[in-house]
Every structure is written in C-alpha cells, then in structure tokens.
Amino acid sequence: MKKETRKEEIIKVAAALFKEKGYSAVTMRDIATDMDMKAASLYNHISSKQDILKDIIIKLAEAFTNGLTKIKNSQATSLEKMEAIVALHIKITSSNTDGMASLNNDWMHLEEKLEYYLKLRLDYEDDIRFIIKDGVFKKEITAVSVDVILFSVLSTLRSLYLWIPKKEDLNPEKLAKELSKVLINGIAI
C-alpha cells in the first residue's frame, strides 16, 4: 500500500475539521494544530485553505463523473445502471465520508473552480436523468416524474456520508445490494 504523503495527510485532517466545524470556521492554524505542526510549515505542502477545499471537492466530483460515464456507456439495462450508481456512491462515500461532507456542504465556498464543479454536478444529474428516461422509454422504470425519481435517489445517496460512519460493521457490497433493492424496487415495473 502506498504511503500517504504529507499533503495527503493535511487534506485528510482538513476534511475532518471541515466536516466537524464547517469550512468557514476552520483556520490554517486549526489544521496545523491537528497536524502537530506550525501553521507556517503547512505552506510548504499546501498553498491555502481554498486549495485544500478545491482538492477535496474536485477529486470527489471527478471520481463520481468518471464512474458514471462508465456506467452510462455500459451495455447494462437501465435498472442495472441505477444499481451501479448506488454502488458507486457507496464505494466513494464509504472511503471518504469527511470529504463527502465538504462536497455536500462546502461546495459554495469554491472560488475559481466553482463553475467547473457546478458543470460537473449538472452533467452528472443530467446523465442520471438520461438513464432514468431511457428506462422509462424501455418500460424498465415506472413512468412517474423523472425529477422525482432523480431527487429521491440522489437525496438518499448524497446523505450517505452522515449514515455510513455510524455503521461499524459496514459491508459496502451488502449495503449496495440492499439499498439498491429499496431504491430501485420503488421505480421498477
């Protein structure tokens, strides 16, 4: 296993602090204190708190985008694609619940990468909307409002970062299967 770099350690500590206190309330001094180093030393590894936030959010958003692109372009049925989206969210969220808190709660603090993030988010939602519409067209998914389905699925998936840390014996594969059954059976014909 690859050893974590000092920058990666700083980002991990910052993400936990952002989740606990919120991005705006955390200072570089707070991060340095948790790292047991001087604030000035942080700047040898990272240029600003904004760069930390950008790193956390953009990496996660791009991971979701890349995963969804593979799912969307697969030969799977619409329901199988929806199940794969659930599994993708569980996989990414369970490995970085602190970062997911920033993605969900602190994205509006992005500065020069805000437009890029918003485009990734909109495209992501549009790709899922396309999968749902295709499923409705193919009579794999019940013909109710696509936006209601999208909202129902994404609101559950986006809140996983709150629920997963409370589960000590989390089995991501089992959770993906069970959550898919709950979410997808509600839209399957």
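**Entry 1: E125**

I began with E125, which is buried, at a relative accessible area of 16%. The cut-off for buried is under 20%, so E125 falls on that side of it. I note here that the model is predicted.

Which residues pair with E125? I found R158 in a salt bridge with E125, and their closest N and O atoms are 2.7 Å apart. This pair links distant parts of the chain. R158 sits in helix 8 (residues 146-158), E125 sits in helix 7, and 33 residues separate them. I looked up the accessibility of R158 as well: at 24% relative accessible area, R158 is partly exposed.

E125 also meets the side chain of R121 in a salt bridge, 3.7 Å from N to O. I checked where these two lie. Both R121 and E125 belong to helix 7 (residues 114-137). They are four residues apart, about one turn of the helix. R121 is partly exposed, and its relative accessible area is 27%.

Side chains of opposite charge can pair when their charged atoms come close.

**Entry 2: other salt bridges**

How many salt bridges does a search of the whole structure find? I got 13.

I picked out E9 next. E9 forms a salt bridge with R6, and the closest N and O atoms are 3.1 Å apart. Both residues lie in helix 1 (residues 6-21). They are three residues apart, about one turn of the helix.

I turned to how helices pack. Two packed helices are described by the angle between their axes and the distance between the axes.

I took helix 5 with helix 7. Their axes come within 8 Å and cross at roughly 150°. An angle over 145 degrees counts as roughly antiparallel, so helix 5 and helix 7 are roughly antiparallel to each other. I noted the handedness too: this crossing is left-handed.

Which residues of helix 5 meet helix 7? I listed S78, K81, M82, I85, L88 and H89. On the helix 7 side I listed Y124, I128, I131, I132, D134 and G135. I then sorted the residues of this contact by class. Seven are nonpolar, three are polar and two are charged.

**Entry 3: helix 5 and helix 8**

Helix 5 (residues 78-94) also packs with helix 8. The angle is about 20°, and the axes are 10 Å apart. Why is this pair called roughly parallel? Angles under 35 degrees count as roughly parallel, so helix 5 is roughly parallel to helix 8. The crossing is right-handed.

I listed the contact residues again. Helix 5 gives M82, I85, V86 and H89. Helix 8 gives V153, L154 and L157. By class, this contact has six nonpolar residues, one polar residue and no charged residues.

I went back over both lists for helix 5.

**Entry 4: G67 and H89**

I followed H89 to another part of the chain. G67 and H89 are 22 residues apart in sequence. In space they are 9.3 Å apart, C-alpha to C-alpha. G67 is found in helix 4 (residues 49-72). Is G67 buried or exposed? I found that G67 is buried, with a relative accessible area of 14%.

**Entry 5: the whole chain**

Last, I stepped back. The protein chain comes to ten helices and zero strands. From the N terminus on, the elements run α-α-α-α-α-α-α-α-α-α.

I looked up the overall dimensions. The C-alpha trace spans about 60 × 40 × 30 Å along its principal axes. The chain has 189 residues, and 41% of them count as buried.

I finished with the contacts.

Conventions: Residues numbered from 1 in each chain as written. Predicted model: local features only at pLDDT ≥ 70, side-chain atom pairs only at ≥ 80, totals over all residues. Heavy atoms only, no water. Salt bridge = Lys/Arg side-chain N within 4 Å of Asp/Glu carboxyl O. Helix = DSSP H or I, 4+ residues; strand = E, 2+ residues; numbered from the N terminus. Buried < 20%, exposed > 50% of the residue type's maximum accessible area, 1.4 Å probe, protein only. Axes fitted to C-alpha atoms, helices over the stretch in contact; angles between N-to-C directions. Parallel < 35°, antiparallel > 145°, perpendicular 65-115°, else oblique. Left-handed = near helix turned anticlockwise from the far one by under 90°. Contact = heavy atoms within 4.5 Å. Nonpolar A, V, L, I, M, F, W, Y, C, P; charged D, E, K, R; others polar.
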